[in-house]
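Open the model in your viewer and keep the selection panel at hand. The tour goes from the whole chain to single residues.

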Amino acid sequence: MKIKSKNEEVQRKIAVVVGAAVADAAARPLHWVYDNNLLQSYIKDCKENPEFFPQSKSPFYSLPTGDSSCYWDISESSLNALASFKNSQYNYKTVCDELIKSFGPGNPNYDMDARQEYMRKRRNGTIDGPIVGKWFHGAIIEFLENHNHGIGGKPFGGPSIKETDGFCLNLPLVCKFADSDSLNEISQEVIQTLSTWPTAVSHGMVASRIISKLVSQGPSFQIMGIKSEIKSDYPDVLKSLEAVEEVISHGMDHTRAVNYVFGSPCYNPGSFQGAIHAVMTSSSFAEAVRKTIRAGGCNCSRGMFYWSNVRCYVRN
């Protein structure tokens, strides 16, 4: 992707955000299909090109092909916040205000009642199909509840939220403030807006640091080079990266690695590890997109991290 009249670093920042948005939509029709045999039956006639599958097969929610998951919608809310920053200065209240605008009462896309009704049926074993419309993430629900206590109650993230939502909220801000001395402080605050579970925070912080390095340095940055920088502050993430290296050394197929080693659900560290594995074993953006979709499970959460950095890490 080349943006006319923009320098290389600005081009990479744009590619990160656009790449994440497009790839999230590419995976969305097959989001949260955890039975990989069932997934393979869906894509048997388009296994080489499963992106933008023409029918929504998610067992949880149904949307038209081309629509986005909640992961991208979270990123879009912080992108909107960026546009509202006065003099391009970071403002945490604006970030929170945009989340409330996008997901709070009166929003046009997210129906809390539909989500709660689905969960009630799930508990009772009476599910009769996916909800029609967007799926409300638990991280957003907890944020909205906690934010009602006022800005003095931060961090607003739930202590049991294991997913990647915090990183998704931080992604556009990483691109904006990649070269800022305050990036680490901003990332910590923003990630904890949607999760305070230590593993999700630590992996979100390192994911953010990797993105900042990639947009600043481009393909010359070696992702595993981050290990020396994080061994003291984030030893758990160091172990996650070493586990990915071990799997790569055995030449394991990506689908098998995700389903039998890292795990295909949304939770960290597995989501982070699956994303890193996809980047490290792909030679192109398209290859990484397709193998992540074929691996199944929470392909959108893995995609929001790896798709956003694979655009900088590989050259095509």
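Here are the stops, with what to select at each.

This is a predicted model, where local features need pLDDT of at least 70, side-chain atom pairs count only at pLDDT 80 or more, and totals for chains, interfaces and linings use all residues. Residues are numbered from 1 along each chain as its sequence is written, and side-chain values use heavy atoms, without hydrogens and water.

**Whole chain.** Show it as a cartoon. There are 15 helices and two strands (DSSP runs numbered from the N terminus: helices H or I, at least four residues; strands E, at least two). The C-alpha trace spans about 50 × 50 × 40 Å along its principal axes. Of the 316 residues, 54% count as buried (under 20% relative accessible area, 1.4 Å probe, protein chains only; exposed is over 50%, partly exposed in between).

**Core.** Select F103, I140, I210, F272, I276 and F305. Of the 87 residues in the largest nonpolar core, these touch the most other members. Such a core is a set of buried Ala, Val, Leu, Ile, Met, Phe, Trp, Tyr and Cys residues joined through side-chain atoms within 4.5 Å. Its largest share, eight residues, comes from α9. Now centre on I276. Leaving out residues up to four places away in sequence, I276 touches I210, I223, M224, L241, V244 and F305 (contact: heavy atoms within 4.5 Å).

Go to Q192, between α8 (183-191) and α9 (198-217). The C-alpha atoms of Q192 and G157 are separated by 5.2 Å, though the two are 35 residues apart along the chain.

**Last stop.** Select F52, in the loop between α2 (36-42) and β1 (61-62). F52 counts as partly exposed because its relative accessibility is 38%.
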